[in-house]
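Hi everyone, thanks for coming.

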Amino acid sequence: MQDQAEGLRRLLSGAFVRIVTLASGRRGVGKTTVLINLAAALAKRGKQVMVLDEHQGAHSVAGTLGLTPYFDLSHVVRGERTLEQVMLSGPEGIMVVPAGSGVQSLAALGAEEQASLVRAFGQLSQPVDVVLVDAAAGVASHVLPLSLAAQELVLVVDPQPASMTDAYALIKVLNQGFARRSFHIIVNRVSGPEEGEAVFRNVAGVADRFLKVTLDYMGCVPRDEKLRRATQLGRSAVDAFPAATAAQMFRDLAEEVDQWPPPGGEEGQLEIFMQRLIQTSRAAALEPGVPGRI
Ligand SMILES: Nc1ncnc2c1ncn2[C@@H]1O[C@H](COP(=O)(O)OP(=O)(O)OP(=O)(O)O)[C@@H](O)[C@H]1O
Ligand SMILES: [Mg+2]
């Protein structure tokens, strides 16, 4: 009852949470690097940013930033830890939530566990403006729920032909298997803006021909060694090398995210996202198999 009243109050106040999943068709395209810098650029615009991290170990957001997670979402699911206890404090005050194996177990949750997880997100003491999700790469069915439950889906692609083909394969799976229509694209590791646009045209050309989807080109990020150096320092390039072209690109990308239309009504609430995440996990678990590649 109290939760509902709180939800209603937030709805009426006009506050909303933007939930953005970053996904990629294949590993190593720079998704985590893009996510950390986009998160930092949004934080510098005054947003409270939460990162939900589906990866574990060295390649996770926490691992990349040199943070050590002791707990993850599965502890919250089991009621052993609160969400606050699981959260790590990243650069620029970014809250990092390691999902661990938590997301994969959502489909099997009982009604009570589901309710307590949804409540954990609904009753978070800190305000959250943006949630960025680092979704596991690939088209295996268990990675889909985070992409499907998000309000906005950003695919990170790099100029390698295999990355473009796999990005298209992921778009196809999400579109044909799950009716997702709208995708944003960021092209990473480009030699210049022309290469970014060429990569986007390439992916969009195939998608336009064979699928009913809307692809939005958000922009590109240059290949720049400073991106790696910054994360090795546990920082973002936006913070450590603000004058770098890559840092400017991330500030532009963050401004773009800020200008997206707000999610309508209940969609802008964290607990609605969690509810949807649980539902899509169940749907994906029931799915006999994801449609094949091109
Ligand atoms: N634009 C860039 N310029 C130079 N180096 C980059 C760039 N983007 C990413 N990198 C580097 O490439 C490596 C892989 O990046 P990252 O870990 O972000 O990729 P990922 O897509 O998240 O990989 P995974 O699929 O393993 O999670 C890292 O060492 C990172 O510093
Ligand atoms: Mg990664």
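Let's begin with a question: of the contacts in the protein with a separation of 6 or more, what percentage comes from residues 24 or more positions apart? The answer is 80%. Do keep in mind that this is a predicted model.

Now, the overall make-up. The protein has 13 helices and 8 strands. It counts 294 residues, and 47% of them are buried.

Next, please look at two of those helices, α8, which covers residues 161–178, and α9, which covers residues 193–210. Their axes come within 10 Å and cross at roughly 40 degrees. Angles from 65 to 115 degrees would count as roughly perpendicular and those under 35 as roughly parallel, so α8 and α9 are oblique to each other. Their crossing is right-handed.

Which residues meet there? On the α8 side we find M164, A167, Y168 and I171, and on the α9 side V199, N202, V203, V206 and A207. Sorted by class, the residues of this contact are 8 nonpolar and 1 polar, with no charged ones.

Finally, let's turn to ligand 1. It is surrounded by 20 residues, and R27, G30, T32, T33 and R228 are the closest. Which one gives the most? That is α10, with 4 residues. As for classes, the shell around ligand 1 holds 9 polar, 7 charged and 4 nonpolar residues.

That's my tour, and I'm happy to take questions!

Conventions: Residues numbered from 1 in each chain as written. Chains lettered and ligands numbered in written order. Predicted model: local features only at pLDDT ≥ 70, side-chain atom pairs only at ≥ 80, totals over all residues. Near = placed C-beta within 6 Å. Helix = DSSP H or I, 4+ residues; strand = E, 2+ residues; numbered from the N terminus. Nonpolar A, V, L, I, M, F, W, Y, C, P; charged D, E, K, R; others polar. Buried ≥ 20, exposed ≤ 12 C-beta atoms within 10 Å, placed from the backbone. Contact = placed C-beta atoms within 7 Å. Axes fitted to C-alpha atoms, helices over the stretch in contact; angles between N-to-C directions. Parallel < 35°, antiparallel > 145°, perpendicular 65-115°, else oblique. Left-handed = near helix turned anticlockwise from the far one by under 90°.
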